[in-house]
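Me: I am new to this structure. Please show me how to read its features, one at a time.

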Amino acid sequence: MASAFNPFERRGDWPDALSAAQWIRQGAPVSASNDGKALAVAMAKLESLYKKVEVDDLQPRRNQVFAALDDLEDAEKAAKAAYRSTVVPLVAQALEVKKQALTLAKLCQADAKVPKPVVVLMAQAAKAADEVSEVFKDLGEIFKPFDEARKSLVKADGQLRKTLQPHLQGLNKGLDQCQKNPTRELWDKLCKGPCNAVHNTVKNTPRLKDDFWGVWKVHDGDSFSHALQMAEKSAKDDKARQKIEDVIVRMCKELRGELLKLDKAVG
C-alpha cells in the first residue's frame, strides 16, 4: 500500500498529525478534556513504540548477500522475531489511536463549540495512524526482500547444479577407469580436467567454499599430475612403480568419497 509514511524507503519521519505535543497545542479546547488527554497519551505511546522499531532488523541490510539458504532463513527468522516483539504492539497501538481519534472527532462534529480545524486535526491523526499500521502490518511487503533473495539463491543453485554436475559425473567415470588402470597417462586423459573444474568451482562458490575448500584446495588435477611425473622420473624399479600405482588408487578412492559429499550438497 502506497503511503506518505514509508520507513523502508527513507528514515520515515514521524507524521506531525501523530505528535502528542502538536495535538495538545493545536487541539484546544478538546485536547484539554479527559478524552483529549487520553488521545495525547495514546499518541505518545505510539511514537515511543515506533522508536523501538529498527527497520533494518526487519529486512536484509542494503546489498546484503546470503551465501546459502540456511543463512537467509536464519536472518528471516530473526527479522520475524523482531517483528513480533516490536511491530505487533506498534500496529495494535496505531489502531487504538485511530479508534480514539475517530470516536472523539465524531463526538466533536456535533458540538458547535469545537472549532472545525480541531475536528480536522483529529481526522488527520486517524488517517496517519491508519497509514502507520498499514505500512507495518503488510507482511508481504516487509519480508518481500527475503523472498526475492530466496528466489535468487534457488536460481543460483540451479545454475550451479547445471554447471557442476557434468564435471562431477566426468570425474567419477574417470576415477573408475583410473582405479582399474592406475597410470598417470590415464589420470591426465580422464581425470585431470574434471578434477581441476571441480576444484575451481568450489574455490569460486562461496557456499561450497565454506564447507569444502579445506578438502578440495589440495585436490588439484594439474598438481597431482605433476607430482606423478616427478615420482615416475625417480622410480628405479617395479617396487617404486607399484608405489606410484598405489598412490593413484588411493587418490581415486579418496576423491570418490569427496565427490559423493559434494554431490549431496549440490543436490
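Me: Where does helix α7 bend?
Reply: This is a predicted model. A bend is the angle between axes fitted on either side of a residue. Helix α7 covers residues 184-204 and bends by about 50° at C191. A proline, P194, follows within four residues.

Me: Why does N196 count as buried?
Reply: The cut-off is 20%. N196 has a relative accessible area of 14%, so it is buried.

Me: What does N196 touch beyond its sequence neighbours?
Reply: Leave aside residues within four places in sequence. N196 is then in contact with D220, G221 and D222. The side chain of N196 also reaches the backbone nitrogen of G221, at 2.8 Å.

Me: Now K98. Which helix holds K98?
Reply: K98 lies in helix α3, residues 69-109.

Me: Why is K98 called partly exposed?
Reply: Partly exposed sits between the buried limit of 20% and the exposed limit of 50%. K98 has 26% relative accessibility, so it falls in that range.

Me: What does K98 touch?
Reply: Residues up to four places away in sequence are not counted. K98 touches A126, A129 and D130. With D130, the side chains are joined by a polar contact of 3.0 Å.

Me: How many residues separate K98 and K137 in sequence?
Reply: They are 39 residues apart in sequence. In space, K98 and K137 are 15 Å apart, C-alpha to C-alpha.

Technical notes
Residues are numbered from 1 along each chain as its sequence is written. This is a predicted model: local features need pLDDT of at least 70, side-chain atom pairs count only at pLDDT 80 or more; totals for chains, interfaces and linings use all residues. Side-chain values use heavy atoms; hydrogens and water are left out. Helices (H or I, at least four residues) and strands (E, at least two) are DSSP runs, numbered from the N terminus. Buried means under 20% relative accessible area, exposed over 50%, partly exposed in between (1.4 Å probe, protein chains only). Contact means heavy atoms within 4.5 Å. A polar contact is a pair of N or O atoms within 3.5 Å; within protein, one must be able to donate a hydrogen and the other to accept it, and residues adjacent in sequence count only if both atoms are side-chain atoms. The bend at a residue is the angle between axes fitted to the seven residues ending there and the seven starting there.
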